[in-house]
Amino acid sequence: MSIQILPAQLANQIAAGEVVERPSSVVKELLENSLDAGATEIEIEIDKGGHKRILLRDNGKGITKEDLNLALSRHATSKISTLEDLEKVTSMGFRGEALASISSVSRLTLISRTAEQSEAWQAVAEGRDMSVNVTPAAHPIGTTLLVEDLFFNTPARRKFLKSEKTEFAHIDEVIRRIALGRFDVSISVKHNGKLLRKYPAAKKGADPYKRIGKACGQRFCDHALEVESQYQDMTLRGWLVNVVEAQTPIETQYFYVNGRIMRDKLINHAIKQAFSLMWGDEVQPAYILYLELPATAIDINVHPSKHEVRFHQARLVHDFIVRTIQEFLRQADDMLVGDEETRNAESSVKVFEQAVPNHDYIQPLKPVDSGTNERTTSYGSSSGSVGGYRAPSFQSSAGKQYRELLQPSTTQESAFEVDAYRWLKVGDNRILLEQDSQFYIMSHASLAAIFWTSQLASHLPPAQPLLLPISVSIEAQQGQSVQVIIDALATLNIDLNLVNKKLMLRKVPAGMRDLDWAAILSFLISLSNEEVELDKPAHMLGGAVASTHIKLENSTIERYLCLTQDETTNTLLKLYTKEVPLTKWLDEQGG
């Protein structure tokens, strides 16, 4: 077959494959055209789920007689005319494809009148070449679009339509999205002659919860937390639901960018990350949010349905959304745990001052105090080096290695020695430690317990957020005793809260994120009231760390062995280790 130009009707039907998926797609395109025309009142009538008839009437500015000929043509639009216009488009539509595509798969009638005209005009596209026939008509100022017999000439498409109930449910959802994006527009919906939805226009400053209640239900309004935040030229406002307080999921998720509903991957990731960092992965977010930023900062022309957007500064937008949602979810968290002052406070605009959005879990640590021991930082890292040596695992020839360990080294490869300690790895999770001619066997967990008990008691590191919060379930009767533990650990910069019968851990002292915190929390909540050391929280935490089963890298062992020689350290060594007679132990190993 030779190359040929497709007939106009066939070309439009091909384009309709992307633009017109089902009746709800038609309603969406017609609604967006009405909004672009400045309509404040829109009436929609649906018959048979949109299969048979879709009528939309608005009070917008209308279309002149001269423009009606082009209104049903492909790529004909009044929204843009140059590439510069496309790069800063603010209208809902701009491609000029919708009416041409709809008219190619249905019987479409367009009636419109402008304020300057004394009469209305009606346009119908017919025939193989989709020629437009314009005739006089009676109509008030505004536009009426009538779409009948959708997919009548494309039976393959028509047979994929679902039941009348299902198709109307999709239409209802499209209208709900528009209603939540434009509170200033009145929208009414009839199905099979019966009025089913009416969204009265809300005047500026009026209570928005009436429309939100109609669209999303009263439960959303009961648990909604109002949000408004600004950073540079971006504003994020709307409502978040305190999903923990609501207990059962609320399936409301609407996000708008410059008034346009979006289902963008970057936006969804940012929202999910913010909620999971606060309340865990099992929580389902619920929100109605509006992001406003300059039209030049986004590219809207990346998806056929315009449901996705490309941000010129995607990372900045992502972190701004995450930070804003986290900030206001913390307010909800405070309300949940009984902060009456926060509970009774009115929502206010949150403006971040010089707060460049970033991941705060990679912020640098605070500098070391000048009074700190030269070889030990406040986080347990050593300024000295042990070369590139990796301590060997225990083998059957360990006896010979131990005897060599006792001999003083005259080379720089004294890698067994860290400060006053000499050590060797034994098995997967134990080490043999020598100090002042005494030998100790200890687990990696015990070494971590000694190090962090000593550090927390002398040099308290700053708090750092976990990449993801850790939650541990508790029994109802444990609530009071757990609160005592929460208060004690708060003095160690550990952010632990009781939320909905779960302990939620969000921040720990810097350097401690790699520990097995789920096991540590489980150990702590198992303590009896007599075992809780309120006056010695560092010792209590050290005991919990020692109870875990962890395997440390050699570099971490070397760092943990950079301990200051004092009475506290010696006491901890005796508490968490087992002294062994070296000769007897060597004989047991076949040395």
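## Overall composition

The predicted protein has 591 residues, of which 47% are buried. Its secondary structure consists of 21 helices and 24 strands. Of the contacts between residues at least 6 apart in sequence, 71% link residues at least 24 apart.

## Helices α15 and α18

Two packed helices are described by the angle between their axes and the distance between the axes. For helix α15 (residues 444-458) and helix α18 (residues 537-546), the axes approach within 8 Å and cross at roughly 165°. That angle makes α15 roughly antiparallel to α18, because an angle over 145 degrees counts as roughly antiparallel. The crossing of α15 past α18 is right-handed.

On the α15 side, the contact involves A445, S446, A448, A449, T453, L456 and A457, which meet A538, H539, L541, G542, V545 and A546 of α18. By class, the residues of this contact comprise nine nonpolar, four polar and no charged. Helix α18 is mostly covered, with seven of its 10 residues buried. These buried residues are P537, A538, M540, L541, G542, A544 and V545.

## Helices α7 and α8

The axes of α7 and helix α8 (residues 209-216) come within 10 Å, with a crossing angle of roughly 165°. The angle makes α7 roughly antiparallel to α8. Here α7 passes α8 in a left-handed crossing. The contact joins R176, A179 and L180 of α7 to R211, I212, A215 and C216 of α8. Its residues divide into five nonpolar, no polar and two charged.

R176 belongs to helix α7, which spans residues 164-181. The relative accessible area of R176 is 15%, so R176 counts as buried, the cut-off being under 20%. Leaving out residues up to four places away in sequence, R176 touches R197, Y199, A215, Y254 and Y256. A215, one of these partners, is also among the α8 residues that meet α7.

## The buried side of helix α17

In helix α17 (residues 517-525), the residues W517, I520, L521, L524 and I525 are buried. They cover an arc of only 125° around the axis, which puts them on the same side of α17. An α-helix has 3.6 residues a turn, so residues three or four places apart point the same way.

## Buried strand residues

I111 is located in strand β3 (residues 107-113). With a relative accessible area of 17%, I111 is buried. Apart from neighbours within four places in sequence, I111 is in contact with A120, W121, Q122, A137, H139, G142, T143 and T144. I111 and G62 are 49 residues apart along the chain, and their C-alpha atoms are separated by 8.9 Å.

M442 is placed in strand β20 (residues 438-443). M442 also counts as buried, at 1% relative accessibility. M442 and V426, which are 16 residues apart in sequence, have a C-alpha to C-alpha separation of 9.4 Å.

## Asparagines with positive phi

Most residues other than glycine have a negative phi, and most peptide bonds are trans. N258 is not a glycine, yet it has a positive phi of about 50°. N258 lies in the loop between β11 (253-257) and β12 (260-262). N258 is partly exposed, and its relative accessible area is 30%.

N493 likewise has a positive phi, of about 65°, although it is not a glycine. The loop that holds N493 runs between α16 (479-490) and β22 (495-499). With a relative accessible area of 28%, N493 is partly exposed.

Conventions
Residues numbered from 1 in each chain as written. Predicted model: local features only at pLDDT ≥ 70, side-chain atom pairs only at ≥ 80, totals over all residues. Heavy atoms only, no water. Buried < 20%, exposed > 50% of the residue type's maximum accessible area, 1.4 Å probe, protein only. Helix = DSSP H or I, 4+ residues; strand = E, 2+ residues; numbered from the N terminus. Arc of directions from axis to C-beta. Axes fitted to C-alpha atoms, helices over the stretch in contact; angles between N-to-C directions. Parallel < 35°, antiparallel > 145°, perpendicular 65-115°, else oblique. Left-handed = near helix turned anticlockwise from the far one by under 90°. Contact = heavy atoms within 4.5 Å. Nonpolar A, V, L, I, M, F, W, Y, C, P; charged D, E, K, R; others polar.
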